[in-house]
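Biologist: I would like to learn how to read a few features in a model. Can we go through them one at a time?
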Amino acid sequence: MGIASQLADLREDGLKAIQHNFMTAKLESLVNWSRARSCWPATFGLACCAIEMMATGAAHYDLARYGMEVFRASPRQADLMIVAGRVSQKMAPVLRQIYDQMMEPKWVISMGVCASSGGMFNNYAIVQGVDQVVPVDVYAPGCPPGPETLMHAIFTLHRQITSGELLARRSGGAGLVVQQLDGQTATATLGASSNG
């Protein structure tokens, strides 16, 4: 039976014409599978962890095998943010703005101990955990974590995306309360309207 005759039967009989062994999967599972295999990371390297992130994208580790070869310079074309390195207080609003500009659904990997908890920089100038600024999905430990650790974090994220676990997560973002300092009295929660 040729492809043309199968398409003709499909047009005439609709879904009844599809043989039972053609494809058996939920559409949600198929969408989650394709999302996991086509993550495009935003370029956001802040410190020494960024060197390890670049090494992960190089030929030896070859992220292209997992659909991630394209590190996007524009947040509007990315759906994964790898925060690689320490985040200063001055960089935190920029990080949040880039996160807000990313397309939905979007995910965050916190790479390295400095991004995850401030690391050795326990002072007023460094954010003591990037989860205070954006919701983090996977933490990659180390100082700096090697490419193998980052790839393990990416595979963990892929499993969470495929299982649909991340789409059922928090609906309020990081829950940061921002006070209006321009004379207004209302306060707003950052990320309250996003599902990311």
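Predicted model: local features only at pLDDT ≥ 70, side-chain atom pairs only at ≥ 80, totals over all residues.

Biologist: Where is K106 placed in the chain?

Modeller: K106 sits in the loop between α4 (92–101) and β3 (107–111).

Biologist: Which backbone oxygen lies 2.8 Å from a polar atom of the K106 side chain?

Modeller: That of Y99. K106 also forms a salt bridge with E104, with the closest N and O atoms 3.5 Å apart. E104 is partly exposed, at 41% relative accessible area.

Biologist: What is the general idea behind such a pair?

Modeller: Side chains of opposite charge can pair when their charged atoms come close.

Biologist: How many salt bridges does the structure hold?

Modeller: Two. Besides the E104 and K106 pair, the side chains of R96 and D100 meet at 3.1 Å, N to O. R96 and D100 are four residues apart in helix α4, so about one helical turn separates them.

Biologist: Is R96 buried or exposed?

Modeller: Buried, with a relative accessible area of 4%. D100 is partly exposed, at 40%.

Biologist: Now the nonpolar core. Which residues have the most contacts inside the largest one?

Modeller: A nonpolar core joins buried nonpolar residues through side-chain atoms within 4.5 Å. The largest here has 22 residues, and L80, I82, I109, M111, L150 and L157 have the most contacts inside it. At least two core residues come from each of α3 (49–57), β2 (80–84), β3, β4 and α6 (147–163). The largest share, six residues, is supplied by α6.

Biologist: What does L80 touch, beyond its neighbours within four places in sequence?

Modeller: Its contacts include W40, P41, M68, M102, I109 and L157. Apart from this core lies another, of 15 residues, among them M81, V83, Y99 and V108.

Biologist: How should I read V138?

Modeller: Take the element, then burial, then contacts. V138 lies in strand β4 (residues 138–140). Its relative accessibility is 7%, so V138 counts as buried. Among the residues V138 touches are V108, I109, A153 and L157. M111 is 27 residues away along the chain, yet the C-alpha atoms of V138 and M111 are separated by 8.5 Å.

Biologist: And the surface? Which residues form a nonpolar patch there?

Modeller: L27, L30, V31 and W33, with about 400 Å² of accessible area together. V31 lies in helix α2 (residues 27–36). At 32% relative accessibility, V31 counts as partly exposed.

Notes. Residues numbered from 1 in each chain as written. Heavy atoms only, no water. Patch = residues over 30% accessible without salt bridge, like charges linked within 9 Å, V, L, I, M, F, W, Y side chains within 5 Å. Areas by Shrake-Rupley, 256 points an atom, 1.4 Å probe, with all protein chains shown as cover. Salt bridge = Lys/Arg side-chain N within 4 Å of Asp/Glu carboxyl O. Buried < 20%, exposed > 50% of the residue type's maximum accessible area, 1.4 Å probe, protein only. Contact = heavy atoms within 4.5 Å. Polar contact = N/O pair within 3.5 Å; in protein donor to acceptor, adjacent residues only side chain to side chain.
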